[in-house]
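Student: I am new to this one. Please show me the structure, and let me ask as we go.

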Amino acid sequence: MPVVVVESPAKAKTINKYLGPDYTVLASYGHVRDLPPKDGSVDTEHDFEMKWEVGADSRKHVKAIADALKDDNALILATDPDREGEAISWHLEEALRKRRAINKDTPVQRVVFNAITKAAVTEAMQNPRDVDGPLVEAYLARRALDYLVGFNLSPVLWRKLPGAKSAGRVQSVCLRLIVEREMEIEAFKPREYWSVKAILKTPRGQDFEARLVSLAGKKLDRYDLENTTQAEMAVQAIESRDLSVTSVEAKPASRNPSPPFMTSTLQQEASRKFGMGARQCMSTAQRLYEAGHITYMRTDGIDMAPEAVTEARAAIGDRFGKDYVPSSPRIYKNKAKNAQEAHECIRPTDMARDATALGLTDGDQKKLYDLIWKRTLACQMEGARMERTTVEIGAKDGQVGLRATGQVVLFDGFLRVYEEGRDDVAADDDDKRLPQMAEGDATAKQGVTPEQHFTQPPPRYTEATLVKRMEELGIGRPSTYASIVTTIQDREYVRKDKNRLIPEDKGRIVTVFLLNFFRKYVGYEFTANLEDQLDVVSAGGADYKELLASFWRDFSAAIAETSELRISEVLDVLDEALTPQLYPPKEDGTDPRACPLCGDGSLHLKTSRSGGFVGCSRYPECRYTRPIGGDAAEQGDRVLGEDAGDEISLRSGRFGPYVQRGEVTEEVKKPPRASLPKGWSPDDMDLEKALMLLSLPREVGPHPEDGEMIEAGIGRYGPFVKHGRLYANLKEVDDVFTIGMNRAVEELAAKAAKRGGGRGAAAKPLKELGEHPESGGPVNVMDGKYGPYVKWDKVNATLPKGTEPGDVTMEMAVELIAEKAAKSGKGRKTAAKKPAAKKPAAKKPAAKKPAAKKEA
């Protein structure tokens, strides 16, 4: 009974169904060995000998396979059909031979299948082979290169750039793409231009839109109308003339479907349509593959097996009719340079079953399978047929010309099932249907409108467009796209905001450092050429150790050269390289490097564990700092006023905007500072708000139980009230300045109760009066340390002396609440006050509650 080894238990479970009881199917749980993260794991002095180590988590899995081989003296390695899968099989065989679990007479076979179906698995078992030596050597070369770059370059970063975490052979090149795109955006100067559109009416009374395409007998280019004056003149030229149709031209057009998915296009489309990150997409696809629903998901190939094409055509005919089936199958040719990566496309294993038929319950799996199923069917469907109409409109004197375009779909074809998404969607006027017109028809003007436009900077990368760009440059491979994009985010070199990738300051610094000291190794062409050389190794056309020797010779010299540099020398080089971004010329001609705070020092690039920042050369006398992005004026730095003889200023630091009292002196080296809380805009800051922040923490009063002071303040996770070591989060920043003793004790008691050990649970009402008659929300009479009080929302109103809690009516409570709210500035909360309509807006910061809860 042979032992069959696959990567995952899910895959083992599926295969076990097809192989039956005559086989023992076990999982390796991924890679079983790796290079230990220490010096000498790749011995450059001894022909790049690699010292492998079985991972602590993998030992029990290797032992389980070894134990099974004691009873079943045959091993079948059935890991994934790519380079990583081949490497796992090789590692397993090597590890088992080292344990002497494989005897000399133990047959070891390698089988591969592109889909986990009964037919594919059965066929693979009938066609075993040996482990592919050249493919393993390509893996060894990649792993050695990644180790040599990471293990030798990362320490250089740590020493020269505090806060930098790591560098990688491909990740650093990927980071460079994002940083350079951000620099393009920052350097972009928008250009103004105008267009003119007219709403016209046909003789039959139907409206349509046309755009101005010629003026004064000259064809208009994009930037010919540069300003509002020229645009208004163009409008007048149209309005002062009678217009008629000069020509109508209808042309047939067609659209063919996109090829089926390979790894990169699946990641791109999942990002466009669902906002899925590369890692999430591949993880979901892996589960679909292991369950036998789709073919292998790491591939550069777009060809389909002949039987799959036949099955797809049959499914199309059954669902949509013979008109949607082309006369002959569509053939897609692989463009991949490396045949080892070019497996079949990603497609369903059963074309007849859609997501509903599979009964998938996981949301991501259902969406992704539906996407793959539709794309695969569409790629074998008839093309869409359209008719595109162009109508030219002009004046008799030929001084103005307008054009209207429209499109009619005559046969939807593949569009009935699927249409590929676009990364940056532009308006498309061609999709409109035009009313019927004929040459010579007069067109009445319903309105002529000039529109102002500005050229836009190139968009930031999404994970989808980044993978697409990497693919275009030949950087990375299907098995590495997701991990590369994920790594640069995990290292905090890049953050994702609204699905767009934005470089952090430390990411910029690392990129500029590598471009100045290791330019060759973050070069797009060099990285792509190295990938090509590795592909040659995988095809058996080159010796991987010669490739390693050639790389190491130059790379080790570059490392040695940079190791001699002092940090100050490195910063000088980076400061110079970043000058256009850090110190752009000022409109008034003053020195952009002059410190805006002290006026005497000059600005210079500095580093810290949080990344790079710009600081004054007169530190510590002057402690001016700002982030890398933007100058002082852009950040809004300014003096807000004076208080008790001290200047109160708004400043920008590397952790964001803050207010400061006074200046740094010999006596006061750290003047009082306070960061602006979330939701507070620097543009709205004034002296009063600054003094409120600088007064924190605010003393609410001594706790009635132990006399220890209760304080209210703003911390890392938002507003809070504090008693000893107990913190209770507040919903809004404004509460810090208004909270009274009763509510503070109540919030602290509630927090203590939640933590399961404090001064008791939240107090129960003495009397429940019901909902506030005008504004809603419960009104209760509570027992406080300073006597009974009425509570509604955040208003606590003490009962007048001599009033019994049981005697309080709703009418009395509403009156007390209104009086208290007016005194404490919370009048907006009460229904009796007109500003009550603003209540929802004031509540907006409550959305930050989850983040604030981390503090306590």
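Student: Is D80 buried or exposed?
Tutor: This is a predicted model, where local features need pLDDT of at least 70, side-chain atom pairs count only at pLDDT 80 or more, and totals for chains, interfaces and linings use all residues. Residues are numbered from 1 along each chain as its sequence is written, and side-chain values use heavy atoms, leaving out hydrogens and water. Buried means under 20% relative accessible area, exposed over 50%, partly exposed in between (1.4 Å probe, protein chains only). D80 has 5% relative accessibility, so D80 counts as buried.

Student: Which side chain does D80 meet in a salt bridge?
Tutor: A salt bridge needs a side-chain nitrogen of Lys or Arg within 4 Å of a carboxyl oxygen of Asp or Glu. Here the N to O distance is 2.7 Å, and the partner of D80 is K11.

Student: How many residues apart are D80 and K11?
Tutor: Helices (H or I, at least four residues) and strands (E, at least two) are DSSP runs, numbered from the N terminus. K11 lies in helix α1 (residues 9–19), and D80 in the loop between β7 (75–77) and α3 (83–98). The pair links distant parts of the chain, and the separation is 69 residues.

Student: Is K11 buried or exposed?
Tutor: Look at the relative accessibility of K11, which is 1%. K11 therefore counts as buried.

Student: What separates E269 and K273 along their helix?
Tutor: Their side chains meet in a salt bridge, 2.9 Å from N to O. E269 is buried at 0% relative accessible area, while K273 is partly exposed at 36%. Both sit in helix α8 (residues 263–274), four residues apart, so the separation is about one helical turn.

Student: How far apart are the closest N and O atoms of D364 and K367?
Tutor: These two are three residues apart in helix α12 (residues 363–379), about one helical turn. D364 is partly exposed at 22%, and K367 is partly exposed at 35%. They form a salt bridge, with the closest N and O atoms at 3.9 Å.

Student: How many salt bridges does a search of the whole structure find?
Tutor: Some share partners, and these join R142, D146, R169, E531 and D535 into one network. For the whole structure, the search finds 49.
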